[in-house]
Protein chains: 2
Amino acid sequence: MLAAARAVVAEGGADALSMRALARRLEVAPNALYSHVADKTDLLDQLLDDLLGTVAIPTGGDPRGAVEALMTSTYETLVGHPELVGLFLARQGARGPNAVRLGEVLDAGLAAVGVPDVPAARRVLIIHAIGFAAFDAGDVLPAGATAHSFTRSLRWLLDGMTPG
Amino acid sequence: MLAAARAVVAEGGADALSMRALARRLEVAPNALYSHVADKTDLLDQLLDDLLGTVAIPTGGDPRGAVEALMTSTYETLVGHPELVGLFLARQGARGPNAVRLGEVLDAGLAAVGVPDVPAARRVLIIHAIGFAAFDAGDVLPAGATAHSFTRSLRWLLDGMTPG
DNA sequence: ACCTGAACACCGTTCAAGT
DNA sequence: ACCTGAACACCGTTCAAGT
């Protein structure tokens, strides 16, 4: 079912993902979907959390590098699925188990780096990654230029939030 | 007409702003709106640009302080209208004359500060302001805490992009 | 557990016509 | 220039019923 939803989005963009369009693709009556999903929000949550499951989680290395790698990997995952980024914006982030796991990894990394206000730092970094991916997704810019500017500003933020 | 649109949004949130709901409030047939507006996107663009017209533009002072004041003023304007922030996200930024004017002021400020890559710096700062406002709008956090964390991270970014 | 038919209360937009 | 009636092709969701 998530695969079918992804296919609908891939073909027609996020706007094309309606309950009825998904039902059409599955060759099923529209209300049959409600046996698998509470409502449309639930469907979108599952779809987004599924994508977050593919974010690579760095292991080992220095804490600062790990945080940088985690945010870059998140950004790249989002940029690789431009049609879904708008949905992340609409529901600022995500709420499923994969999102929770990524949040915990990020928090642990920030604590290891020694930032004084971990929740604030997390918020800044998530806004930064999703925001950049969103501008990439909707834009006419050469893709490489934005990726470079993402990395640079990520480092500004990490520099600023690191004590000493 | 924009006033009526604002009233609909104020009462029922951004989701409540449909062409038909707006027509209902104006006591007019739904299609009558198309004499004043090309389509719904056009309506939203007018609504958002109207809001941007209320952003205070700093005059005088040192360039760095002016950029900081401009972004803070933008952030505060957005936070003051949480129901509209989601619309900014959906169409990353805005396109009307007020948006263009703010962009020019920002570019001039960044050039005065001496940042090497003005378009990249502008992108970073706009993402930061809209992103923070969006998280504020949808969240349970104490409002003051987020405003403080906005200012702090804004300074990190400005520090990073300033040469020397 | 999973599906269907039928219905309800909505959408955005267009077309032809009226003043 | 601004409005209307009528229509088209859609939405999300619920309810009762069937297997």
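View 1. Helices (H or I, at least four residues) and strands (E, at least two) are DSSP runs, numbered from the N terminus. This is a predicted model, in which local features need pLDDT of at least 70, side-chain atom pairs count only at pLDDT 80 or more, and totals for chains, interfaces and linings use all residues. Residues are numbered from 1 along each chain as its sequence is written, and side-chain values use heavy atoms, without hydrogens and water. An unreviewed UniProt entry places the feature "domain: HTH tetR-type" at residues 1–55 of chain A; such annotations may be inferred rather than shown by experiment.

**View 2. Helix α3 (residues 40–52) of chain A packs on helix α6 (residues 97–113) of chain A.** The angle is about 45° and the axes are 7 Å apart, which makes α3(A) oblique to α6(A). Axes are lines fitted to C-alpha atoms over the stretch in contact, with angles from 0 to 180 degrees between N-to-C directions. Angles under 35 degrees count as roughly parallel, over 145 as roughly antiparallel, 65 to 115 as roughly perpendicular and the rest as oblique. From α3(A), A:Asp49, A:Asp50 and A:Leu52 meet A:Pro97, A:Asn98, A:Ala99 and A:Leu102 of α6(A); contact means heavy atoms within 4.5 Å.

**View 3. Chain A superposes on chain B by a rotation of 180° with 0.0 Å of shift along its axis (RMSD 0.0 Å).** The two copies are thus related as by a two-fold rotation axis. Superposition is by least squares on C-alpha atoms of residues with pLDDT of at least 70 in both copies.

Note on methods: Chains lettered and ligands numbered in written order.
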